[in-house]
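Here are some comments on the model, for you to read alongside the coordinates. They are set out as numbered points.

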Amino acid sequence: MVSRISPRSRAIGYVAGLLLVAALALANMLQLPSIHGPLILDPTNPKVTLDDVEREIIRRYPVDDISVSKLASMMATSPVTLFDVRTREEFEAGHLPGAIRIEPGSSAKDVLSAHRDQLGDRPVVFYCAVGVRSSQVLMQTLRELAPLTKGQIFNLRGGVFRWAAEGGVLVKGDEPGKPHPYDASWGKLLARTIPGS
């Protein structure tokens, strides 16, 4: 006995297949560290502001971000896990109180093997100088970390530059810290953002 597939059933199967392929393609795209390549803003250009950089980062890296004021409020009322995604030199110049330094480019496996016990019920915030490296690490680790943080996982908008510009405390051991410029080019943006830094 030969069964026939109706044209309607065939069309439904075809559409379902197309939707499945589109969903898989979208899921694959969302795993990319950056869907738009490197930043094109020049931090040495006097017209480029930290606001411009923040907008570019938000556009290029589709992760949830958190403002300095919201993070400060959150830190004042409950424990927050802070992951500083900068070099040791940058971290040692000044970091947010209680922050844990992780290497730029860290994978979910790296973060989980060393810091699983800092996750759980508390919010997790990644940050770096302005938000690029922390957004990249957040995108690379989000799938594995989100279930362990109940989805409360963010990138600090504007990073250490914005934190310091809005009066946030940075520490260096037991002393006050200061924002590290990352390099001479980004140092120009930092000097425009926080005169005298």
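Which exposed residues does the face of α3 turned away from its buried side carry?

1. The model is a predicted one. In it, the face of α3 turned away from the buried side carries S69, K70, A76 and T77, which are exposed.

2. The buried residues of helix α3 (residues 68-77) are V68, L71 and M74. They lie on the same side of α3, because the arc they cover around the axis is only 130°. In an α-helix there are 3.6 residues a turn, so residues three or four places apart point the same way.

3. Several elements cover the buried residues of α3, including β1 (65-66), β2, β4, β5 (153-156) and α7 (159-165).

4. The count of aromatic pairs comes to 1. The ring centres of F83 and F126 are 5.2 Å apart and the planes are at 40°, so this pair is tilted. It links distant parts of the chain: F83 belongs to strand β2 (residues 81-84) and F126 to strand β4 (residues 124-127), 43 residues apart. F83 is buried, at a relative accessible area of 0%, and F126 is buried with a relative accessible area of 0%.

5. Helix α5 (residues 108-115) packs with helix α6 (residues 132-145) at an angle of about 60°, and their axes are 8 Å apart. The angle is why α5 counts as oblique to α6. From α5, the contact takes A108, V111 and L112; from α6, Q140, T141, E144 and L145. Sorted by class, this contact has 4 nonpolar, 2 polar and 1 charged residues.

Key: Residues are numbered from 1 along each chain as its sequence is written. This is a predicted model: local features need pLDDT of at least 70, side-chain atom pairs count only at pLDDT 80 or more; totals for chains, interfaces and linings use all residues. Side-chain values use heavy atoms; hydrogens and water are left out. Rings of Phe, Tyr and Trp (its six-membered ring) pair if their centres lie within 6.5 Å; planes under 30 degrees apart count as stacked, over 60 as edge-to-face and the rest as tilted. Helices (H or I, at least four residues) and strands (E, at least two) are DSSP runs, numbered from the N terminus. Buried means under 20% relative accessible area, exposed over 50%, partly exposed in between (1.4 Å probe, protein chains only). The arc is that of the directions from the helix axis to the C-beta atoms. Contact means heavy atoms within 4.5 Å. Axes are lines fitted to C-alpha atoms, for helices over the stretch in contact, and angles run from 0 to 180 degrees between N-to-C directions. Angles under 35 degrees count as roughly parallel, over 145 as roughly antiparallel, 65 to 115 as roughly perpendicular and the rest as oblique. Ala, Val, Leu, Ile, Met, Phe, Trp, Tyr, Cys and Pro count as nonpolar, Asp, Glu, Lys and Arg as charged, and the others, Gly among them, as polar.
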